[in-house]
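Dear colleague,

Please find below the structure that I am handing over to you. My findings follow directly after it.

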Amino acid sequence: MLKALALGATLAGALAATGTPATASPALSPTDEMIIGVVAANGSGCPWGSAQVTPSPDNKAFTVTYSQFIAQVGVGTQPADFRKNCQLALDVHVPQGYTYAISGTDYRGFAHLERGAYGSETANYYFQGEPQSTRIRHDFNGPYDGDWQRTDTVGISSLAYLPCGEQRYLNVNTELRVNGGSSNLKKTTSMLTMDSTDGRIDTVYHVAWKKC
């Protein structure tokens, strides 16, 4: 019943086939508050309680904040640390008379990659009960040391809206990977995090609304 969420301008054509837009007319953001709760959190990157969701005051976005999402290799790490993943099930209470789609996503974090090391961030989003959308990947190459940001956007003709009147969870899957490559893993550590300078990461999901 719920359609897969499409992300990535380069995938607009393929994503158009993942869902049928709701029968609705374009609308401004509703004035009633959009309420979002984390129903389930699974994966090594988001132990329960370490991911929080906050809607924006204008209902045009919501932010997922992670506090333990870090992949790393090298000195002081465990073999399984090279890959971290997180699957969230979000219960989005949509104001009456409206439906929504995700129109874009901003990712932010920190990376320290030694020369020869590399990593990736991969994500996809889909409504409960529908096939998963195409996973979109962003690559990072060392040497790199600093904050990072990546953005995925969706063309307006490819937005996949929640069918009017339906209530299903929004599944948000993200993954971080780091590979030591040709770097010296006995002397160095490389990492990729979804974690801003204050120890938390803001991943913002932009919302497009339609009136039912």
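The side chain of Ser50 reaches the backbone oxygen of Pro47 at 2.6 Å, a polar contact (a pair of N or O atoms within 3.5 Å; within protein, one must be able to donate a hydrogen and the other to accept it, and residues adjacent in sequence count only if both atoms are side-chain atoms). This is a predicted model, in which local features need pLDDT of at least 70, side-chain atom pairs count only at pLDDT 80 or more, and totals for chains, interfaces and linings use all residues. Residues are numbered from 1 along each chain as its sequence is written, and side-chain values use heavy atoms, with hydrogens and water left out.

Ser50 lies in the loop between strand S3 (35-42) and S4; helices (H or I, at least four residues) and strands (E, at least two) are DSSP runs, numbered from the N terminus. Ser50 counts as buried because its relative accessibility is 4%; buried means under 20% relative accessible area, exposed over 50%, and partly exposed in between (1.4 Å probe, protein chains only). Leaving aside residues up to four places away in sequence, Ser50 touches Thr65, Tyr66, Ser67 and Gln68, where contact means heavy atoms within 4.5 Å.

Thr54 belongs to strand S4 (residues 51-55). With 45% relative accessibility, Thr54 counts as partly exposed. Its contacts, again not counting residues up to four places away in sequence, are with Phe62 and Thr63. Thr54 and Ile35 are 19 residues apart in sequence, and their C-alpha atoms are 8.5 Å apart in space.

The structure holds two disulfides, each defined as a pair of cysteine sulfur atoms within 2.5 Å. Counting bonded cysteines along the chain, the pattern is 1-2, 3-4.

Cys46 and Cys86 form one of these links, with their sulfur atoms 2.1 Å apart. The pair joins distant parts of the chain, 40 residues apart: Cys46 is in the loop between S3 and S4, and Cys86 is in strand S7. The link of Cys46 and Cys86 is right-handed, with 100° about the S-S bond. Both Cys46 and Cys86 are buried.

In the disulfide of Cys164 and Cys212, the sulfur atoms are 2.2 Å apart. This pair also links distant parts of the chain, 48 residues apart, with Cys164 in the loop between strand S11 (144-153) and S12 and Cys212 in the segment after strand S14 (201-211). The torsion about the S-S bond of Cys164 and Cys212 is about -95°, so this disulfide is left-handed. Cys164 is partly exposed, with a relative accessible area of 30%, and Cys212 is partly exposed at 48%.

Strand S12 (residues 170-179) is largely enclosed by the rest of the structure, because eight of its ten residues are buried. Strand S7 (residues 83-93) and S12 run antiparallel and are joined by eight bridges; two strands pair if DSSP finds at least two bridges between them. Here Leu90 has Leu170 in S12 as its bridge partner. Strand S9 (residues 118-127) also runs antiparallel to S12, with ten bridges between them, and Ser120 stands opposite Arg177 in S12.

As to the chain overall, there are one helix and 14 strands. Of its 212 residues, 49% count as buried. Among contacts between residues at least 6 apart in sequence, 81% join residues at least 24 apart.

With kind regards
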